[in-house]
Amino acid sequence: MSKTIPELVAGFVNGDQAAFAELVKLHRRKVYSLAFRLLGNHLDADEVVQETFVRVYRRHKELKDVANFPSFLFRIATNYAIDLLRKRKGHGAITDDTDALPGEIQMELARRVRTPSDSYESKVLMVEITRAIDRLPPRQRITAILHDVEGYTKPEIASILNCPEATVRSNLHIARNKLKKALHKRLNAKEQK
Amino acid sequence: MTCLYARSHLDDFLDDDIAAADALRVKEHLEACPDCRAELEEGRLLRTLLSQQPPVDPGPRYWSEVTPLIMARTVESDAPAPERVSVDEIVRYRGTRLVRSVVTLAASLVLLYVALTLGSGHRAAMAKQTASPRPVFLAASLTGLTGPDNFAIVTPQEQADMARITAVMGAPGILGRFTVLPGLLSFE
């Protein structure tokens, strides 16, 4: 009988290495997705994934409540991603040059984008949305991604980012206003159709 | 309710994360204000598009490569410590190191002796040729040379100094260097 996530976390905290391996498998895609959206390229996302799970493993004694494991995990991931973002800012952002990725990863990432049959406009809009998100400051970017893209609630985001819920609401409000401003023409064109 | 107040609550209204009383007031305002209604629709469309962003997954091949790396840096790096080395092994290792050091030192001394011997043999051969125990470049006297004002161009002391400098800088090569060592040491 497969274990639930709280059971796996409880086992992991008590030193069960098999439980840790299972938790990695269950959460690795979400961590990668979040990191990729925050940083915009595969290499940085890969670094975040690896470093996050290493830090979670080494700091498992800090986890007091097994129910808080997702917040604990994503807090480590976002903090590391923000640090990387700040480092890259000083040296010029790494653009998402997908041509430089291994072939299998390019194919897999491309597969996730809407197919041409959906419409060229949809693809262009998705790219513009991604670019608009990339232009947001780190905290607003993370809040918008966690809430509107990944579907976390405001209390969960407050726990992940270790800040008051009012700050989450404020950042979300500002991020959405900026995105609306950046995408105003596109959104109006879509509304009129 | 003013437009400013309504728009400050639109996000919470959209997220259905608003107190019931405030929700009612916002709804009443929206019924009467087309601009705020347009703002709401734009916000709703943006949320829909953001939630439809496709998931990002690098694929099974990436996971098959990176998951073992993660395990190697975590679970597998907690492997048990190696067995303690016995005292006998430590003594044997140190003994071997001592023997190696002695052999190296002996070989260096032998090389030095050989070089000195060859050098002195060379010096003897040169002395026979020039009928002088002094090195060739000291045998040729330059003190006879004088300039237009009848002062010596090179004094004997200057000549000896030049010979020392040349020997140190290695112009005559390693054998030549060793041949002048006795002269340098005696400071003739």
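Just after helix 1 of chain A, Gly15(A) takes a positive phi of about 100 degrees, a value that, like everything described here, is computed from a predicted model. Helix 1 itself spans residues 5–13 of chain A, and its buried residues are Leu8(A), Val9(A), Gly11(A) and Phe12(A). These residues lie on the same side of helix 1 of chain A, because the arc they cover around the axis is only 160 degrees.

The size of an interface is often given as the accessible area lost when the parts come together. Between chain A and chain B about 4200 Å² is buried, and carbon and sulfur atoms account for 59% of it. Chain A brings 47 residues to the contact, while chain B brings 39 residues. Across this interface there are 16 residue pairs in polar contact, counting pairs in which both residues have pLDDT 80 or more. On the chain A side, at least two residues each are supplied by helix 2 (17–39), helix 3 (42–58), helix 5 (103–112), helix 6 (120–134), helix 7 (138–149), helix 9 (165–182) and helix 10 (184–192). Helix 2 of chain A gives the largest share of the side that touches chain B, namely 10 residues.

The charged residues lead on to salt bridges. Side chains of opposite charge can pair when their charged atoms come close. The count is 11 salt bridges between chain A and chain B, and 20 salt bridges over all chains. One that crosses between the chains joins the side chains of Arg176(A) and Asp15(B), with 3.0 Å from N to O. Asp15(B) also forms a salt bridge with Arg47(B), where the closest N and O atoms are 2.7 Å apart. Since Asp15(B) lies in the loop between helix 1 (3–14) and helix 2 (20–32) of chain B, and Arg47(B) in helix 3 (residues 34–51) of chain B, this pair ties together parts that are 32 residues apart in sequence. Asp15(B) is buried, because its relative accessible area of 16% is under the 20% cut-off, whereas Arg47(B), with a relative accessible area of 27%, is partly exposed.

Other salt bridges stay within one chain. In chain B, the side chains of Arg44(B) and Glu41(B) meet at 3.0 Å, N to O, and the two residues are separated by about one helical turn because they are 3 residues apart in helix 3 of chain B. Both ends of this pair are partly exposed, with relative accessible areas of 38% for Arg44(B) and 35% for Glu41(B).

In chain A, Glu62(A) forms a salt bridge with Arg59(A), the closest N and O atoms lying 3.3 Å apart. Glu62(A) counts as partly exposed at 44% relative accessibility, and Arg59(A) is likewise partly exposed, with a relative accessible area of 33%.

Technical notes
Residues numbered from 1 in each chain as written. Chains lettered and ligands numbered in written order. Predicted model: local features only at pLDDT ≥ 70, side-chain atom pairs only at ≥ 80, totals over all residues. Heavy atoms only, no water. Buried < 20%, exposed > 50% of the residue type's maximum accessible area, 1.4 Å probe, protein only. Helix = DSSP H or I, 4+ residues; strand = E, 2+ residues; numbered from the N terminus. Arc of directions from axis to C-beta. Contact = heavy atoms within 4.5 Å. Buried area = accessible area lost by both parts, 1.4 Å probe. Salt bridge = Lys/Arg side-chain N within 4 Å of Asp/Glu carboxyl O. Polar contact = N/O pair within 3.5 Å; in protein donor to acceptor, adjacent residues only side chain to side chain.
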